[in-house]
Amino acid sequence: MVTMGAVDVRRSGPGPVRLGICCATIAACVPYLALKVMWLSGSSAGAATAAGAAELLDARHLVGDVITGLMELAAIALVLALTFPWGRRLPRVLALGPVWAATGLLAPIALGLPVGLVAQVVLGGSPAPADNGLQGWVYAVVYGGFVAQAVGLLAAFVGYARDRWPVVFRIRVPELAPRRPGPLVTPAAVVVLGYAAMLLAWSVSGARWGGPAGFDTAGQQSFLLAQGLLVAGGAVAVLSLVRRRGSGRVLPRVAVAWAGTGVAVTSGPTHIALSNNGAVSALFAAVSLAGAVCGVVLLVAGASAVASPASDGAAAR
């Protein structure tokens, strides 16, 4: 039968490649973390106007700085766990949960930002919104760091997963045990696909059709485009896994389902928490929160599908 458990992870320290990935990822976290420390200490570094400086130091932004600063420290702890042997002894939930959440937050940036910059060059103008109160270098430091973190965490996690769950890289769909989808899976997928369609619409319309406020430039709207495509792909991939469609390897579907459910669950709450001037339309709140709840349903269904052992004794062990 298929064994999805851990393999023997007792080994020496990381090799030079994995150690280099770890150091580069931590280095990518430092500029953003330094900005948060400066703003929390009362500095208005990076502000372009007096209004922007005042906004950086208001209570709402300071609370956000504490939360996002802690998230950056968690990213550093995560890449260390993915690199060194002690991390492979962590419970699966502690290893997989943070990586899944980080994927949901960072994948749209890593995929959408390059497309948005190209689109902005073609269309002209600045990728940053007008009258945003921040200097351009702040966006370059923050989002450039996010892209580097996304690449680094992905590379570190691939090495970690190969060590701990090598069967996932080999198993094919027919080797998964057939199982009847739960009654909520298909309705949840329909809702998530509807959320994806709205994200794609908002990537064109911005806030005009009830989308998240402040997404006015092509560079920003490409982020919504990436979110919509990832969410849609995740819903389709989960249905494919649950219904055991095809005969190919499981890994590509797991990767798409992993990223798509992560974006579906994290994107709506994140948009609401970081909304421009706290402005959130009722339509966006309802659609995104419904997508988040149904994304959890798909996450559980997809995880259960992959964890189900096959009854065929010839399947990979």
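**Ground rules.** I number residues from 1 along each chain as its sequence is written. For this predicted model, local features need pLDDT of at least 70, side-chain atom pairs count only at pLDDT 80 or more, and totals for chains, interfaces and linings use all residues, while side-chain values use heavy atoms, with hydrogens and water left out.

**Confidence.** I began with pLDDT, the predictor's confidence in each residue, from 0 to 100. The protein chain has a mean of 87, and 91% of its residues reach 70 or more. I then went through the helices (DSSP runs of H or I, at least four residues, numbered from the N terminus). Confidence is highest in helix α1 (residues 16-40), at a mean of 95, and lowest in helix α2 (residues 50-56), at 85.

**Aromatic pairs.** I took rings of Phe, Tyr and Trp (its six-membered ring) as paired if their centres lie within 6.5 Å; planes under 30 degrees apart are stacked, over 60 edge-to-face, the rest tilted. I get seven aromatic pairs by this rule. F157 and W258 are stacked, 5.5 Å centre to centre with 20 degrees between the planes. F157 lies in helix α5 (residues 136-164) and W258 in helix α8 (residues 250-273), so this pair ties together parts 101 residues apart in sequence.

I checked burial too (buried is under 20% relative accessible area, exposed over 50%, partly exposed in between; 1.4 Å probe, protein chains only). F157 is buried at 14%. W258 is partly exposed at 22%.

W202 and F284 have ring centres 5.1 Å apart and planes at 55 degrees, so I log the pair as tilted. W202 is in helix α6 (residues 185-205) and F284 in helix α9 (residues 282-307), so the pair joins parts 82 residues apart in sequence. Both W202 and F284 are buried. I also found Y32, Y139, Y143 and F146 linked by ring pairs into a cluster.

**Nonpolar patch.** L40, V63, V66, I67, L70, M71 and L73 make a nonpolar surface patch of about 620 Å². Patch residues have over 30% relative accessible area and no salt bridge; like charges are joined within 9 Å, nonpolar side chains (Val, Leu, Ile, Met, Phe, Trp, Tyr) within 5 Å. A salt bridge is a side-chain nitrogen of Lys or Arg within 4 Å of a carboxyl oxygen of Asp or Glu. Helix α3 (residues 59-83) gives the largest share, six residues. V66 sits in helix α3. V66 is partly exposed, at 40%.

Methods: Helices (H or I, at least four residues) and strands (E, at least two) are DSSP runs, numbered from the N terminus. Accessible areas come from the Shrake-Rupley method with a 1.4 Å probe; for residues, only the protein chains shown count as cover.
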